[in-house]
Amino acid sequence: MFKKIATVGNGAAGETTPSYADRATAKVDLAIDALAEAIAAADAIVVGAGAGLSTSSGLTYEGERFERLFGDFIERYGFHDMYSAGFHPYATLEEQWAYWSRYIWYNRYEPAPKDSYAKLLRLLGDKDFFVITTNVDHQFQRVGFPKERLFYTQGDYGLWQCSVPCHAKTYDNYATVKRMVEEQRDMHVPSELVPHCPVCGEPMGMNLRADDTFVEDEGWHEAALRYRSFIDAHTTGRMLFLELGVGANTPGIIKYPFWRSVFDNGDATYACINLGETYAPSEIRTRSILIDGDIDAVLDELLATTHTPCADGPVPAAI
Ligand SMILES: [Zn+2]
């Protein structure tokens, strides 16, 4: 069952019957079946999630959602997307935090428009799994993924740190951000809400890996250690490395290590779900399942797929 290979997106053009669209659909269906089987048969699963998963769950940073949430900032500055607007050199900290508090609130504390993360949790069921993610919106924890099975490598919108930083500690920002959103007027938060470091007095900043000032706090190191332990304990056996929405920006964190782990373990499978961007090196291609599609829709199909019990594996429960 691990020999199946199903990819789409590279078909030859010009064929008439069946249509390219039909063949692509058939290949996606085949790949989804293969992935459902691989999940059912896996001894353990490592999930690697990137920005594409949050985008698929409706946490989009441009277009209608951006215009609805930041219409006033767009009108004043002509911003095009939520991400780049975060780097604008605002004249005052009061205005900067008016922008950032809204940014944090709607991407970290409000539920995502779609329940893609919850679907993934249902799909994993009682499997032994671990999640590594470059996403900083903490949607995994929000839908109930156990914290001890998560490694957020790049930070958390929900944490602040000293901007210097003068010490390696992070601070939960929920209560202050909530007040900032509620009390901001004319795109400014009240001055008394602007956060300052309790140690050195400099402005607080986001705990995001944007440069070398990123604070890796105690929780970060503990999660890194747990992830490393999980990987080290699963170098053999039917491992599934499930990559969701990982782009090309930081391939060294998830994508390349996943390829390496699958290459090193002949019983491992690599699966990649991503819209418009799926690839596996030739060395592991026969053990790769590539699904070029919308992650949320693919999760729906996986949850609806009936599994064929595996001769040499556990009988999968209905999921
Ligand atoms: Zn400080």
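**Close-up views of a predicted model**

View 1. Tyr171 of β5 is the bridge partner of Trp160. The model shown here and in the other views is predicted. Strand β4, residues 155–162, pairs with β5 in the antiparallel sense, and three bridges link the two. The sheet is open, with its three strands in the order β5-β4-β6 and antiparallel pairing. Its edges are β5 (170–172) and β6 (204–208). Each has a single partner strand, so one side of each is left without a neighbour in the sheet. On average, neighbouring strands of this sheet are turned by 50° against each other, direction ignored.

**View 2. Strand β7 is largely enclosed.** How many of the six residues of β7 are buried? Six of the six are, so this strand, residues 239–244, is largely enclosed by the rest of the structure.

**View 3. Strand β7 pairs with β1 and with β8.** Both pairings are parallel. With β1, residues 44–49, there are six bridges. Ile45 has Leu240 of β7 as its bridge partner. With β8, residues 269–274, there are five bridges. Here Leu242 stands opposite Ala271 of β8.

**View 4. Helices α1 and α11 cross obliquely.** Helix α1 spans residues 20–41 and helix α11 residues 295–304. Their axes come within 10 Å and cross at roughly 60°. The two helices are therefore oblique to each other. The crossing is right-handed. On the α1 side, the contact involves Ile32, Leu35 and Ala36. On the α11 side, it involves Val298, Glu301 and Leu302. By class, the residues of this contact divide into five nonpolar, no polar and one charged.

**View 5. Helices α5 and α8 cross with left-handed geometry.** The crossing of α5 and α8 is left-handed. Helix α5 covers residues 93–109, and helix α8 covers residues 174–183. Their axes come within 9 Å and cross at roughly 115°. From α5, the contact takes in Trp97, Ser101, Arg102, Ile104, Trp105 and Tyr109. From α8, Tyr174, Val177, Met180 and Val181 take part. Eight residues of this contact are nonpolar, one is polar and one is charged.

**View 6. Leu120 is buried in helix α6.** Leu120 lies in α6, residues 116–124. Is Leu120 buried or exposed? Leu120 is buried: 26 other C-beta atoms lie within 10 Å, and the cut-off for burial is 20 or more. Val47 is 73 residues away from Leu120 along the chain. The C-alpha atoms of the two residues are separated by 9.7 Å.

**View 7. The whole chain sets the context.** The protein chain has 11 helices and nine strands. Of its 319 residues, 38% count as buried. Which share of contacts between residues at least 6 apart in sequence joins residues at least 24 apart? The share is 67%.

Note on methods. Residues are numbered from 1 along each chain as its sequence is written. This is a predicted model: local features need pLDDT of at least 70, side-chain atom pairs count only at pLDDT 80 or more; totals for chains, interfaces and linings use all residues. Two strands pair if DSSP finds at least two bridges between them. Helices (H or I, at least four residues) and strands (E, at least two) are DSSP runs, numbered from the N terminus. Axes are lines fitted to C-alpha atoms, for helices over the stretch in contact, and angles run from 0 to 180 degrees between N-to-C directions. A residue is buried if 20 or more other C-beta atoms lie within 10 Å of its own, exposed if 12 or fewer, and partly exposed in between; C-beta atoms are placed from the backbone. Two residues are in contact if their C-beta atoms, placed from the backbone, lie within 7 Å. Angles under 35 degrees count as roughly parallel, over 145 as roughly antiparallel, 65 to 115 as roughly perpendicular and the rest as oblique. A crossing is left-handed if the near helix is turned anticlockwise from the far one by less than a right angle, and right-handed if clockwise. Ala, Val, Leu, Ile, Met, Phe, Trp, Tyr, Cys and Pro count as nonpolar, Asp, Glu, Lys and Arg as charged, and the others, Gly among them, as polar.
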